[in-house]
Amino acid sequence: YLLQAIGLLEESDWIHHYDLTLQLYSSAAEACFVLGKFDVLNELARKVIQNAVCLNDKIRVYVSLISSISSQGRICDAIDFGLGVLEKLGETLPSNLDDDEVITDYVVHTSALLAQLDVEEVLKKEMAQDESKKFVMQLLCNLIVPAYSGRPRLCPVISSRMVQLTLAHGIFRESAVAFALYGAVVSRSPEGITQGYALSKIALSLVKRPDAKGYLSRVYVSVYSQINCFVEPLQACEESLKYGYEAGLSTGDVEFAFANASLSVIIGIQSGSNLESLANQMSRYNEKMKEMNADYPLACIQVYECFARNLVGGTDDPTELSYGGKDLLSIMIETQNEMRGKNLFYFIRMILAYVFGRYELAAEMADEYRKVVLAMRNARLANEIFYLALIALASADEEAKSEARDAAAVALTELEGWLGASQWNFLHKVKLLKAEIAFHDGYVADAATLYDDAIRIAGEH
């Protein structure tokens, strides 16, 4: 309907019926993104950029272009484009993200501002009125996906800046996303999870506002895959992420709908859901992503589908990762930046190699994984700690046994740190790692008791 309406316009309507023409083109561009019609979107955006009388009138198509470029796997291009638009609006983010002090300063300053407020004070803030800051918030919000994928060190800066703008100017439509993402940033350690969990509650309250409901899918990604998954039972987080997928599709937030889908199956695998059912669910997600030309999440879901099917005996060599006869590492690198593609591939393959007793391969994959560890991790952080320790113990030769034992002890301390947040999610892992350490040290009877405890608790949880 929008394209038919545009077909009835004349070039002079950009002058004589400017508002109507702008709305039609901008809305059509947004619809084309949802449908994966990226070539049509580019042409519509070109017309808006060419004819819009001011920068603010171009923001909607700029947002659509950022999402479109990102969805096609051109992550760094999407980031650079978005940062360029922000500069035009007078919002310049730091370029030297390799400097830890720059990122720390943003986070520390934001935490200091939040320390002066309680939850109720934040929720009672008036709505923001500054139009230019509204556009800045919208663009920052849309940069989250490509930043998380391509430049994860930018995420703490984006989230900090969004929270700062909210505290300075009032509640924006995107403020729920700001608190959810910032909560994820501070929740990367047991020491920060209390603050992160409190921020997740602010985010969930803000997203209930009528003008913010379109961001529910985005909020759920951060809340349930990066914060609450360390506190609440994983099964509850899985169901919330499934709801986030449906909500994202219903509001046209396709990128985050698919992010919810991918994360729901990641947590489903961790929480003991039926693997055959999960694989079939992933196959349905796969088809939907193909339909909407969502290459980036499609590659991720294919890796996890292959993982689930390999675990239930779907291939001759369960340690190999391929889809449709093509090596999944090649697919990941083609559709994502190289580091992120390798990160997921090596993580999944090292687990498969360990589970199926190929410990040398597991150690090789673990070494490759360590080279591409990302700054921002989701619910698989605990599994990263857990499996790297198990692989170290299982693969160590006589010369490396002492070093592997020390690494496992460090990992055990890290996992025990998370027990204060959730025994439900982590106690069975702690028991199993303790069992492996006891067996390594020659305490076979103690190891047997700990193995039994790990099996029993995993079954109960």
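1. Val 219 touches Ala 176, Val 177, Ala 180, Ala 203, Leu 204 and Val 207, residues up to four places away in sequence being left out; contact here means heavy atoms within 4.5 Å. Val 219 is also listed among the residues with the most contacts inside the largest nonpolar core, together with Ile 158, Phe 179, Tyr 304, Ile 348, Met 350 and Leu 433. That core has 162 residues, a nonpolar core being a set of buried Ala, Val, Leu, Ile, Met, Phe, Trp, Tyr and Cys residues joined through side-chain atoms within 4.5 Å. In soluble globular proteins, nonpolar side chains tend to be buried together.

2. On the basis of the note: this is a predicted model, in which local features need pLDDT of at least 70 and side-chain atom pairs count only at pLDDT 80 or more, while totals for chains, interfaces and linings use all residues. Residues are numbered from 1 along each chain as its sequence is written, and side-chain values use heavy atoms, with hydrogens and water left out.

3. Helix α12 spans residues 175-186; helices (H or I, at least four residues) and strands (E, at least two) are DSSP runs, numbered from the N terminus. From first C-alpha to last, α12 reaches 17 Å, close to the 16 Å expected for its 12 residues, where the expected span is 1.5 Å times one less than the number of residues. In α12, 12 of 12 residues are buried, including Ala 176, Phe 179 and Tyr 182. Buried means under 20% relative accessible area, exposed over 50%, and partly exposed in between (1.4 Å probe, protein chains only).

4. The whole structure holds 26 salt bridges, each a side-chain nitrogen of Lys or Arg within 4 Å of a carboxyl oxygen of Asp or Glu. One of them joins Glu 43 and Arg 46 at 2.5 Å, N to O. Both residues lie in helix α4 (residues 38-51), 3 residues apart, about one turn of the helix. Glu 43 is partly exposed at 40% relative accessible area, and Arg 46 is partly exposed at 42%.

5. A salt bridge at 3.6 Å, N to O, connects Arg 309 with Glu 276. This pair links distant parts of the chain, with Arg 309 in helix α18 (residues 295-311) and Glu 276 in helix α17 (residues 275-291), 33 residues apart. Arg 309 is partly exposed at 26%, as is Glu 276 at 38%.

6. Glu 368 and Lys 371 form a salt bridge at 3.3 Å, N to O. Glu 368 is partly exposed at 25% relative accessibility, whereas Lys 371 is exposed at 60%. Elsewhere, salt bridges with shared partners join Lys 431, Asp 453, Arg 456 and Glu 460 into one network.

7. Lys 58 is buried yet has no salt bridge, and the nearest side chain of opposite charge, Asp 57, is 9.2 Å away; Lys and Arg count as positive and Asp and Glu as negative, with His and the chain ends not counted. Neighbours within four places in sequence aside, Lys 58 contacts Val 48, Ile 49 and Ala 52.

8. The disulfide count is 0, the criterion being a pair of cysteine sulfur atoms within 2.5 Å. Cys 141, buried at 1% relative accessible area, has its closest cysteine sulfur in Cys 155, 12 Å away and too far for a bond. Cys 306 is in no disulfide either, with the nearest cysteine sulfur, that of Cys 300, at 14 Å. Cys 306 is buried at 6%.
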